[in-house]
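Subject: Structure for your review

Dear colleague,

Please find below the structure that I am handing over to you. I would ask you to look through it with the notes that follow it.

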Amino acid sequence: MFLHCAVAGAVAPGLGSTLAGLSLAGCAGGPAAPGRALGRVVVIGGGFGGATAAKYLRMWSGGRIEVILVERDSAFVSCPMSNLVLGGTRSMADLTRDYRGLRAHGVQVRHDEVTAIDPGKRMLRLRSGGDELSYDRLIMSPGVDFMVEEIEGLSVAAPDLVLHAWKAGVQTVALRRRLESMPNGGVYVLSIPRAPYRCPPGPYERASQVAFYFKREKPRSKVIVLDANEDVVSKGALFKAAWSELYGSILEYRPGTEVKRVTPASSSVHTDFDSIRGDVLNVLPPMRAGDICRTTGLANANSRWCGVDWMTMESTVHPGIHVLGDATQAASAMPKSGHMANQHAKIAAAAIVEIMSGRQPSVDVVIANTCYSFVSDREAMHVASVHRYDNAQKTLVPVAGAGGLSAQRSEIEGVYAQAWAHNIWNDMFA
């Protein structure tokens, strides 16, 4: 059976040892035998999907595939765990990794930006000097971009007044500073878009972390959560129990409340029925696949997400281009998460090694996902799932009875969560 590696260690309770600690041979049928070069793969995006794919292409091909990773930023900053920066218990340095580990695997890392792709010629253009790169296969892991046009006033809003901070980095630091400078007794407003969006439980974890900070440092302050969804999208009962037991009147949750307009001048957001003023506005716009997917014509699902062949992660629009992570039109019950992007990368890497070696990719594909959420500085909970490729349906389907949800939040789950983060970062870069 072709079983993709889960992140070794820190596997959610209940998943079982069969998904952890697998050898490379067990994951991809063994690396390609030494011999002639197989060709060049260019990877766009150095996050959970792209960095993992680049590393495993080199490893599973025995170095026979030339891999070039194109990434704008000089270092990787993890979105998972970044809400703890807002809560004040982690620093940005805790979330940051460099690309030296990938270079040690023989990946050529270029800090640049792709401005255009010609799928017919299998060529892409870089911003620096207009350089062009040819490829035999292309992997795209561009994450998400934001549909700011869906919220009136947001596209012209001053960035320091209306932040999303949904890509860990500069805006994360800016939002933390806004919270620190907010008076005791002030109001933080968090607006959540309709699903699907990156990291389903992420906004609710963020609300918990800000409430934790307020309870400790600014107890007269308030968190107002305006959720366009009819209920908490993920781990709903667990989050609500935590909010009630830990934060009481500090955190107010309003489901079915979609922000339609923002007014930066008055620091207000507006729904169809109400206007809410906040000292700190944190508006998450609706999301779509990264812009490079749209300009290349890959976003063929409602002009938002990219359809893929789940056996190989190859685009259903352009042969030879594989799309990973948040940018994909998700299969049934599949979250847009960092762990899932890591697993997509291994599907793609294994399939590409097989294809470029003149073999057929395996249809026996099984992947797993685990997502942890912190509701305080120490307590966390998880949701986990397992997905198997169904050759008849031509998609990944949830495995009945696998995965699961925490019975309750706990400090030991917080330990597991921290271990998960370090393990997956090492899986990407070490």
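The notes below begin with the whole chain and then turn to its sheets, helices and side chains.

**The chain as a whole**

Please keep in mind that this is a predicted model. The chain contains 10 helices and 26 strands. Its radius of gyration is 21 Å, close to the 22 Å that the globule rule gives for 430 residues, so the chain is as compact as a globular protein of that length. Of the 430 residues, 58% count as buried. Among contacts in the chain with a separation of 6 or more, 69% are between residues 24 or more positions apart.

The pairing of strand 11 with strand 18 (residues 280–283) is parallel and runs over two bridges. Within strand 18, Leu-281 is the bridge partner of Val-162.

Another open sheet has three strands in the order 6-7-8, and here the pairing is antiparallel. Its edge strands are strand 6 (114–118) and strand 8 (132–134), each of which pairs on one side only. On average, neighbouring strands of this sheet are turned by 20 degrees against each other, direction ignored. Strand 7 (residues 123–126) pairs with strand 8 in the antiparallel sense over three bridges. Leu-124 has Leu-133 in strand 8 as its bridge partner.

**A covered helix**

How many residues of helix 2 are buried? Helix 2 (residues 50–60) is mostly covered, with 10 of its 11 residues buried. The buried residues of helix 2 include Ala-51, Ala-53, Ala-54, Leu-57 and Trp-60. Lys-55 and Arg-58 are also among the buried residues of this helix. After helix 2 comes Gly-62, whose phi is positive, near 60 degrees.

Thr-172 is part of helix 5 (residues 170–181). Is Thr-172 buried or exposed? Its relative accessibility is 2%, and because buried means under 20%, Thr-172 counts as buried. Apart from neighbours within four places in sequence, Thr-172 is in contact with Ser-82, Val-85, Leu-86, Met-92, Ala-165 and Lys-167.

Val-262 belongs to strand 15 (residues 261–263). With a relative accessible area of 4%, Val-262 is buried too. Which residues does Val-262 touch, not counting those up to four places away in sequence? They are Ile-151, Glu-152, Gly-153, Leu-154, Ser-268, Val-269, His-270 and Val-283. Val-262 and Ala-351 are 89 residues apart in sequence, and their C-alpha atoms are 45 Å apart in space.

**Aromatic rings**

A pair of aromatic rings is described by the distance of the centres and the angle of the planes. A search of the whole structure finds 10 aromatic pairs. One of them joins Trp-243 and Tyr-253: the ring centres are 5.5 Å apart and the planes stand at 45 degrees, so the pair is tilted. This pair links distant parts of the chain, with Trp-243 in helix 7 (residues 236–247) and Tyr-253 in strand 14 (residues 251–254), 10 residues apart. Trp-243 is buried, with a relative accessible area of 5%. Tyr-253 counts as buried at 19% relative accessibility.

Elsewhere, ring pairs link Phe-48, Phe-76, Tyr-99 and Phe-429 into a cluster.

Arg-90 lies over the face of Phe-374, at 6.0 Å from the ring centre. Arg-176 lies over the face of Tyr-213, at 4.3 Å from the ring centre.

Yours sincerely

Conventions: Residues are numbered from 1 along each chain as its sequence is written. This is a predicted model: local features need pLDDT of at least 70, side-chain atom pairs count only at pLDDT 80 or more; totals for chains, interfaces and linings use all residues. Side-chain values use heavy atoms; hydrogens and water are left out. Two strands pair if DSSP finds at least two bridges between them. Helices (H or I, at least four residues) and strands (E, at least two) are DSSP runs, numbered from the N terminus. Axes are lines fitted to C-alpha atoms, for helices over the stretch in contact, and angles run from 0 to 180 degrees between N-to-C directions. Buried means under 20% relative accessible area, exposed over 50%, partly exposed in between (1.4 Å probe, protein chains only). Contact means heavy atoms within 4.5 Å. Rings of Phe, Tyr and Trp (its six-membered ring) pair if their centres lie within 6.5 Å; planes under 30 degrees apart count as stacked, over 60 as edge-to-face and the rest as tilted. A charge sits over a ring if NZ of Lys or CZ of Arg is within 6 Å of the ring centre and within 35 degrees of the ring normal. The radius of gyration is taken over C-alpha atoms; the globule rule is 2.2 Å times the number of residues to the power 0.38.
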